[in-house]
Amino acid sequence: MSAVSWILILSGVMLNAVAQLLLKAGTNSIGTFAFNANNIVPIGFKLATEPHIIGGLACYVISVVVWIMALSRVEVSVAYPMLSFGYVVNALAAWWLFGEAVSIERMIGIGVIIFGVFLITRS
């Protein structure tokens, strides 16, 4: 795989991970909510105007463009498993940014994911 392909794949994965983290930050700032007939407009407006959520959605849009460029260069059977690195990034970033728990079971699972992606890219 060429350096450009690696950069595109890793950029797409990182943009996707950042999007998730921004969406989480946005929902943290809004708080817990439920959609119903009485609050769909006010909650919808809060979501649509929350800067973290806007940033997260922008990262998603850019990540799709980057991902399409990556898929034009790499087999989907190799590229798609690379999205699993997002699990690693998000688990560690959620622990660091939001204080979420990263148990030994999660760490083992992350290790299994990394090993599996390594095997896929080697074949």
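The largest nonpolar core of this predicted model comprises 11 residues. Its members are Leu-8, Ile-9, Val-13, Val-66, Trp-67, Ala-70, Val-74, Val-78, Ala-79, Met-82 and Val-117. Helices H1, H3 and H4 each contribute at least two residues to this core. A separate core of five residues lies apart from it, with Leu-23, Ile-43, Leu-47 and Ile-53 among them. In soluble globular proteins, nonpolar side chains tend to be buried together.

Helix H1 spans residues 3–30. It has 28 residues and reaches 40 Å from its first C-alpha to its last. This is close to the 40 Å expected at 1.5 Å a residue. Buried positions in H1 are Ser-5, Leu-8, Ile-9, Gly-12, Val-13, Ala-17, Ala-19, Leu-21, Leu-23, Ala-25, Gly-26 and Ile-30. These buried residues pack against H2 (40–49), H3 (51–71), H4 (76–82) and H5. Just after H1, Gly-31 adopts a positive phi of about 95°.

H1 also takes part in the largest pocket: H1 and H5 (85–98) each supply at least two residues of its lining. The pocket holds about 150 Å³ of space. Its lining consists of Val-13, Asn-16, Ala-17, Leu-83, Ser-84, Gly-86, Tyr-87 and Asn-90. Four of the lining residues are nonpolar and four are polar. No charged residue is found in the lining. Val-13 belongs both to this lining and to the largest nonpolar core. Ala-17, another lining residue, is buried in H1.

Conventions:
Residues are numbered from 1 along each chain as its sequence is written. This is a predicted model: local features need pLDDT of at least 70, side-chain atom pairs count only at pLDDT 80 or more; totals for chains, interfaces and linings use all residues. Side-chain values use heavy atoms; hydrogens and water are left out. On a 1 Å grid over the protein atoms alone, a cavity is a set of points where a 1.4 Å probe fits but cannot get out, and a pocket is an open set with protein on both sides within 12 Å along at least five of seven lines; lining residues have an atom within 4 Å of a point. Grid points are joined across faces, edges and corners, and a volume is the space filled by probe spheres set on the points. Helices (H or I, at least four residues) and strands (E, at least two) are DSSP runs, numbered from the N terminus. Ala, Val, Leu, Ile, Met, Phe, Trp, Tyr, Cys and Pro count as nonpolar, Asp, Glu, Lys and Arg as charged, and the others, Gly among them, as polar. The expected span of a helix is 1.5 Å times one less than its number of residues. Buried means under 20% relative accessible area, exposed over 50%, partly exposed in between (1.4 Å probe, protein chains only). Contact means heavy atoms within 4.5 Å. A nonpolar core is a set of buried Ala, Val, Leu, Ile, Met, Phe, Trp, Tyr and Cys residues joined through side-chain atoms within 4.5 Å.
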